[in-house]
Amino acid sequence: MQSCGVSVAVAACAAARSLGSASSGGDEGKKMAAGKASETEEDFPTLTTQERDSLVGIDSSLFGFQKLHEDGARTKALLIKTKRCNMISSDHLKGEIVKGRFCELGHFNLLLEDYPKALSAYQRYYSLQSDYWKNAAFLYGLGMVYFHYNAFQWAIKAFQEVLYIDPGFSRAKEIHLRLGLMFKVNTDYESSLKHFQLALIDSNPCTLSKAEIQFHIAHLYEIQVSLFSLP
């Protein structure tokens with residue numbers, strides 16, 4: 001399994017280079033690691049106990065299911081506040097705590113749809129955390145960022161690793177759906193059909209309806225019939 005984890009790390013580095021526009025423009029990872037010399041902890045708000053309790057369970061698995069721009073204004077404000085707290089405190093923390101903070105920042109930026117900062121924070125996490133490949137929520141979030149940038153090769157690697165380390169992952173249906181979409185684009189119709197069918201029989205919630213998944217399956221059959229009917 002560790003060799004699989006290494007492949008995702010290599011993928012992340014390669015994707016970072018190919019997505020220069022996403023991670024450039026200020027090098028957010030370095031800013032989070034170093035902090036701003038002119039700012040101190042007193043310049044940033046601190047989280048209350050109630051706010052910290054509200055953050056429990058918030059990770060990449062909520063992406064696409066919690067509409068912060070529509071009805072989650074309070075959660076959105078809390079995530080923005082937490083991001084600022086984490087960015088300044090990361091300069092003063094060591095070891096496992098600071099590693100976790102970068103992973104959290106990746107999740108929060110993903111939920112806020114700030115993809116460049118999410119990618120930067122996730123990259124910092126895997127560069128610091130040697131066993132990051134055991135963290136399904138991290139791999140899922142990273143896969144979602146790659147999916148957003150159409151970096152399908154790297155998104156597929158990340159999503160497949162989530163299913164490998166945690167077959168019962170809460171968003172397995174969402175992973176199968178997106179794998180189906182990516183394999184369809186890549187013209188790997190057999191793999192695409194397999195994942196769409198797995199998504200269809202999964203009773204968990206998903207960002208597409210059952211009818212929409214059935215439409216993609218029907219379209220796959222239509223494509224394959226057209227290919228076989230060619231002279």
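Author: Happy to! Helices (H or I, at least four residues) and strands (E, at least two) are DSSP runs here, numbered from the N terminus. On that basis the protein chain has twelve helices and zero strands, so its pattern along the sequence is simply α-α-α-α-α-α-α-α-α-α-α-α. Please keep in mind that this is a predicted model, in which local features need pLDDT of at least 70 and side-chain atom pairs count only at pLDDT 80 or more, while totals for chains, interfaces and linings use all residues. Residues are numbered from 1 along each chain as its sequence is written, and side-chain values use heavy atoms, with hydrogens and water left out.

Now to the pair itself. Helix α9 covers residues 152–165 and helix α10 covers residues 172–185; they pack at an angle of about 150 degrees, with their axes 10 Å apart. The axes are lines fitted to C-alpha atoms, for helices over the stretch in contact, and the angles run from 0 to 180 degrees between N-to-C directions. α9 and α10 are therefore roughly antiparallel, a label for angles over 145 degrees. Their crossing is left-handed, meaning that the near helix is turned anticlockwise from the far one by less than a right angle.

Which residues make the contact (heavy atoms within 4.5 Å)? From α9 come Phe 152, Ala 155, Ile 156, Phe 159, Gln 160, Val 162 and Leu 163, and α10 answers with Ala 172, Ile 175, His 176, Arg 178, Leu 179, Met 182, Phe 183 and Val 185. By class, the residues of this contact are twelve nonpolar, two polar and one charged. Here Ala, Val, Leu, Ile, Met, Phe, Trp, Tyr, Cys and Pro count as nonpolar, Asp, Glu, Lys and Arg as charged, and the others, Gly among them, as polar.

Helix α10 also holds Glu 174. Glu 174 counts as buried because its relative accessibility is 1%, where buried means under 20% relative accessible area (1.4 Å probe, protein chains only). Leaving aside residues up to four places away in sequence, Glu 174 touches Phe 65, Tyr 140, Met 144, Cys 206 and Thr 207.

Among contacts between residues at least 6 apart in sequence, 65% join residues at least 24 apart.

Technical notes. Angles under 35 degrees count as roughly parallel, over 145 as roughly antiparallel, 65 to 115 as roughly perpendicular and the rest as oblique. Contact means heavy atoms within 4.5 Å. Buried means under 20% relative accessible area, exposed over 50%, partly exposed in between (1.4 Å probe, protein chains only).
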